[in-house]
Amino acid sequence: MNALLLPSGNRIPVLGQGTWNMGEDPSARRDEVAALRLGIDLGVTLIDTAEMYGEGGAEEVVGEAIAGRRDDVFLVSKVYPHNADRKGVQAACERSLRRLGTDCIDLYLLHWRGTLPLAETLEAFVRLREQGKIRDFGVSNFDLDDMLEAVALPGGELVATDQVLFNLSQRGIEWDLLPWCRERHIPVMAYSPLESNPGEQNGLLGNPQLAAVARRHGVTPAQVALAWLLRQDGVVVIPKAVQPRHVRENRAALDLVLSPQDLAQLDAGFPVPHRRRPLAMR
Ligand code: NAP
């Protein structure tokens with residue numbers, strides 16, 4: 001699996017598996033664990049989760065999926081903003097470690113900017129790193145002004161990623177946040193790469209230009225949407241899939257090479273906004 005370098009020098013795989021909505025329904029658990037294991041078997045070893053997902057339930061699903069193969073996996077989890085003070089981060093991380101059944105999270109993120117002082121969050125992240133409980137830390141849903149503030153704080157030079165909404169329909173970060181992150185060698189993690197709900201009428205996957213590109217390659221529109229993100233410099237992509245067919249398709253998107261004609265057609269179907277807009281969020 002291709003990987004990008006984090007500012008610490010550690011490597012992060014370019015394709016991962018999301019877990020939002022997992023761990024909520026006990027009757028779905030077996031399929032969720034199986035999907036994550038299938039992904040790992042196919043080489044999709046990054047798993048993105050959060051204490052928020054299923055209020056810890058998703059982390060438990062991940063814990064079950066990675067039992068006995070922790071070393072094969074790159075684990076990302078996130079702390080709630082209301083837990084993001086000095087003591088709260090430490091306690092939240094320890095709870096996450098227990099649910100995940102590991103003693104170290106590879107990348108630990110502030111889920112979104114809340115009201116607690118960012119300086120305290122970063123201080124707590126640095127301490128967790130020194131304790132060996134996390135390898136790297138970063139943020140999520142930070143627009144450029146938040147990033148500028150974060151990197152200027154003590155520990156800010158270690159901010160390893162910004163996980164944000166980025167897909168063909170949501171291209172606002174191409175204006176400023178993405179180029180800025182690239183310049184600083186901070187990988188961006190693209191969440192909801194299929195827009196969360198691809199079955200929705202008039203959703204991303206229903207776009208006729210996307211369908212035309214997919215037909216040309218004999219692949220699905222979802223694979224084109226993922227390949228479009230995967231070809232971007234400095235971007236990690238984390239689709240969530242429970243259906244085994246989806247897990248396999250998403251892995252195969254890594255091998256899809258889009259031509260200049262494809263890219264032009266996708267630009268026509270999904271134009272970049274005409275001016276800068278505030279960061280979109282799910
Ligand atoms: P997503 O990955 O864009 O879409 C997930 C949906 O797409 C599921 O319904 C899934 O179905 C379906 N799907 C997956 N692969 C498919 C394929 N090849 N063809 C057709 N449909 C396919 O949405 P997301 O879950 O919102 O985002 C991905 C991950 O990003 C999350 O799970 C989470 O880890 C992270 N995230 C982070 C934030 C944040 O604030 N930091 C916010 C949102 C999401 P099945 O499950 O039925 O296979």
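Helix α1 is followed by Gly43, whose phi is positive, near 100°; helices (H or I, at least four residues) and strands (E, at least two) are DSSP runs, numbered from the N terminus. The model is a predicted one, in which local features need pLDDT of at least 70 and side-chain atom pairs count only at pLDDT 80 or more, whereas totals for chains, interfaces and linings use all residues. Residues are numbered from 1 along each chain as its sequence is written, and side-chain values use heavy atoms, with hydrogens and water left out.

The 13 residues of helix α1 (residues 29-41) should span 18 Å at 1.5 Å a residue, and this agrees with the end C-alpha atoms, which are 18 Å apart; the expected span is 1.5 Å times one less than the number of residues. Within α1, the buried residues are Glu32, Val33, Ala35, Leu36, Leu38, Gly39 and Ile40, where buried means under 20% relative accessible area, exposed over 50% and partly exposed in between (1.4 Å probe, protein chains only). These buried residues of α1 pack against β3 (16-17), β4 (46-48), α2 (57-66) and α9 (244-252), contact being defined as heavy atoms within 4.5 Å.

The structure holds five aromatic pairs, a pair being rings of Phe, Tyr and Trp (its six-membered ring) with centres within 6.5 Å, and planes under 30 degrees apart counting as stacked, over 60 as edge-to-face and the rest as tilted. In one of them, the rings of Tyr108 and Phe125 have centres 5.6 Å apart and planes at 70°, so the pair is edge-to-face. This pair links distant parts of the chain, since Tyr108 lies in strand β6 (residues 105-110) and Phe125 in helix α4 (residues 118-130), 17 residues apart. Tyr108 counts as buried at 0% relative accessibility, as does Phe125 at 1%; together with Phe137, Tyr108 and Phe125 form one aromatic cluster.

Tyr108 and Phe125 are also among the residues with the most contacts inside the largest nonpolar core, which has 88 residues, the others being Ile12, Leu258 and Leu266. A nonpolar core is a set of buried Ala, Val, Leu, Ile, Met, Phe, Trp, Tyr and Cys residues joined through side-chain atoms within 4.5 Å. Leaving aside neighbours within four places in sequence, Ile12 is in contact with residues including Leu46, Phe74, Leu107, Pro187, Met189 and Val236.

Thr161, in strand β8 (residues 159-165), is buried, with a relative accessible area of 0%. The side chain of Thr161 reaches the backbone oxygen of Pro187 at 2.7 Å. Not counting residues up to four places away in sequence, Thr161 touches Leu107, Leu109, Phe137, Gly138, Val139, Ile186, Pro187, Val188 and Met189.

Most residues other than glycine have a negative phi. Asn141, although not a glycine, has a positive phi of about 60°; Asn141 is found in the loop between β7 (134-140) and α5 (144-152) and is buried, with a relative accessible area of 9%. Ser192, likewise not a glycine, has a positive phi of about 45°; Ser192 has its place in the loop between β9 (188-191) and α7 (208-217) and is buried, with a relative accessible area of 9%.

Conventions: Polar contact = N/O pair within 3.5 Å; in protein donor to acceptor, adjacent residues only side chain to side chain.
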